[in-house]
Number of protein chains: 2
Amino acid sequence: MNFSVAEENYIKAIYHLQQSDGNVTTNELAAELNTKAASVTDMLKKLKLKKLLNYEKYQGFRLSAEGRKVALNIVRKHRLWEYFLVEKLHFGWDEVHEVAEELEHISSKKLVDKLDAFLDYPKFDPHGDPIPDSTGKMAPQKQVNLIDLGVNETAEIVSVGSQSTELLELLTHKNLSIGTVLEIKKRFSFDHSIEIKIKGQSPFIISQQLAQALFVKKI
Amino acid sequence: MNFSVAEENYIKAIYHLQQSDGNVTTNELAAELNTKAASVTDMLKKLKLKKLLNYEKYQGFRLSAEGRKVALNIVRKHRLWEYFLVEKLHFGWDEVHEVAEELEHISSKKLVDKLDAFLDYPKFDPHGDPIPDSTGKMAPQKQVNLIDLGVNETAEIVSVGSQSTELLELLTHKNLSIGTVLEIKKRFSFDHSIEIKIKGQSPFIISQQLAQALFVKKI
DNA sequence: TTATTTTTTTAGGTTTGTCTAAACTATTAT
DNA sequence: ATAATAGTTTAGACAAACCTAAAAAAATAA
């Protein structure tokens, strides 16, 4: 099966949303893809017809096994190209995303596998996300420093970089602990501080030093 | 300016056709793109509106200066990717064309320039075609062995690999000489013989040995 | 030079992916 | 439990890129 760029973008977006959300909703997906709910409904019907999606109207949806396979292949391509761009072409890790969004739609299977070999089968992309192998398997999410997350990413705190009372005092004050789920809202390049948001609380800012002391697992 | 994949394919095809033909015609272009004349006319109007084309109806057409610039950029990307596929990913020179057809539409200028640097600014692609630099300049067509041409390519004989009477006798017999323009019709892998056609004559076959003795300039 | 053939263009239609506006379904709050 | 609000789907349109069939222009032949 071969899919259009639009179809692939929908599949990939659904894949990412269902990672955190379980069932995905029409509006959520429309927001993610900067399109309108009506357009999403149209595409959902098409993807359902192609058996990539489990979808009953008004009920939300998730990818089928087949859909997941397709999604993983797109993710594989995206992350391999990102790795290539950073490691071989010396792009900065923050400027590769857009280009990889285009490259991920190149269809040749042979190209991807040869690229994988050329890069020596990397297990993680430059952002710490695991790269699926050609059968779709991938390592569990790598633990990554909070400072390395991009805007809009969501992550769960899994460990801290020190056990000092000073750090623990600050964490308690900010209501942060192991297991806390947060979303990156903004990054300020002036002092590398980061605005984060915890569900149900208003956003607040943490310093570069604090961000570097927090290790997270992306969601 | 940014162009759709379809527009880019038209521009590239016109560029290649006008190399040999001077003015390009609607039917010619339709054949080249495996589409219908009516579709071509539609696109010609669009490209004229975007000032990429000098076109008056029923009169044939050529690219404008701007159109040529766009074409050269596509050619640059195509040939750089081909070089990458062969030199870095170890594709065979005969299996890269299709993949490069997709890769050439990736838009990032930065990507192309960084790829160019990574490849160490190659001057010729794996088929001997010159690669335009980022300003559109390129070396004159490299002299290439006839055995290395692909099917449907057109070329002019510019030199021969030996001055032996045996060779010259054969060339005379086959009506081949410096300046002869020929087109590759078929390649037979069994004995590496090649069917060629000279304008106004019926096609005939030349042996591997003869093909290797002839150097040509692509048109 | 007129008639025939070939080439090109126009007219009108299709598909894909998008949109707005309106209708429908589900959820939430009183 | 019902009314108001949220979310979702349908209906109808549009642009891009393609198509077929018919009309118009150009080239060629009688």
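This is a tour of the structure above, one selection at a time.

The model is predicted, so a local feature is described only at pLDDT of at least 70 and a side-chain atom pair only at pLDDT 80 or more, while totals for chains, interfaces and linings use all residues. Residues are numbered from 1 along each chain as its sequence is written, and chains are lettered from A and ligands numbered from 1 in the order in which they are written.

**Stop 1: the core**

Select Leu85(A) and Leu85(B). These are the residues with the most contacts inside the largest nonpolar core, which has 26 residues. A nonpolar core is a set of buried Ala, Val, Leu, Ile, Met, Phe, Trp, Tyr and Cys residues joined through C-beta atoms within 7 Å. Buried means that 20 or more other C-beta atoms lie within 10 Å of the residue's own; exposed means 12 or fewer, partly exposed is in between, and C-beta atoms are placed from the backbone.

Now colour helices H4 (65-87), H5 (97-103) and H6 (109-118) in chain A, and H4 (65-87), H5 (97-103) and H6 (109-118) in chain B: each gives two or more residues to this core. Helices (H or I, at least four residues) and strands (E, at least two) are DSSP runs, numbered from the N terminus. In soluble globular proteins, nonpolar side chains tend to be buried together.

Leaving aside neighbours within four places in sequence, Leu85(A) is in contact with Phe91(A), Val96(A), Val99(A) and Ala100(A). Contact means that the C-beta atoms of two residues, placed from the backbone, lie within 7 Å.

**Stop 2: where the chains meet**

Show both chains. 14 residues of chain A are in contact with 14 residues of chain B. On the chain A side, H5 and H6 each give two or more residues, and H6(A) gives the most, with 4 residues. That side has 8 nonpolar, 3 polar and 3 charged residues. Ala, Val, Leu, Ile, Met, Phe, Trp, Tyr, Cys and Pro count as nonpolar, Asp, Glu, Lys and Arg as charged, and the others, Gly among them, as polar.

**Stop 3: Arg79(A)**

Select Arg79(A), in helix H4 of chain A. Is Arg79(A) buried or exposed? Arg79(A) is buried, because 23 other C-beta atoms lie within 10 Å. Leaving aside neighbours within four places in sequence, Arg79(A) is in contact with Asp125(A), Asp129(A) and Ile131(A). Arg79(A) and Asp129(A) are 50 residues apart along the chain, yet their C-alpha atoms are separated by 7.7 Å.

**Stop 4: helix H3 of chain B**

Select residues 37-49 of chain B. The buried residues of H3(B) are Val40(B), Leu44(B) and Leu47(B). They lie on the same side of H3(B), because they cover an arc of only 70 degrees around the axis (taken from the directions from the helix axis to the C-beta atoms). The face turned away from the buried side carries the exposed residues Ala38(B), Asp42(B) and Leu49(B). Cover for the buried residues of H3(B) includes helices H1 (5-21) and H2 (26-32) and strands S1 (53-55) and S2 (61-63) of chain B. Just after H3(B), Lys51(B) takes a positive phi of about 65 degrees.

**Stop 5: the DNA**

Select DNA strand D. Of the 20 residues around DNA strand D, Thr25(A), Asn27(A), Ala38(A), Ser4(B) and Ala38(B) come nearest. A residue counts as near a strand if its C-beta atom, placed from the backbone, lies within 6 Å of it. H3(B) supplies the largest share of this surface, 5 residues.

Finish with DNA strand C. 20 residues surround DNA strand C, the closest being Ser4(A), Ala38(A), Thr25(B), Asn27(B) and Ala38(B). Here H3(A) gives the most, with 5 residues.
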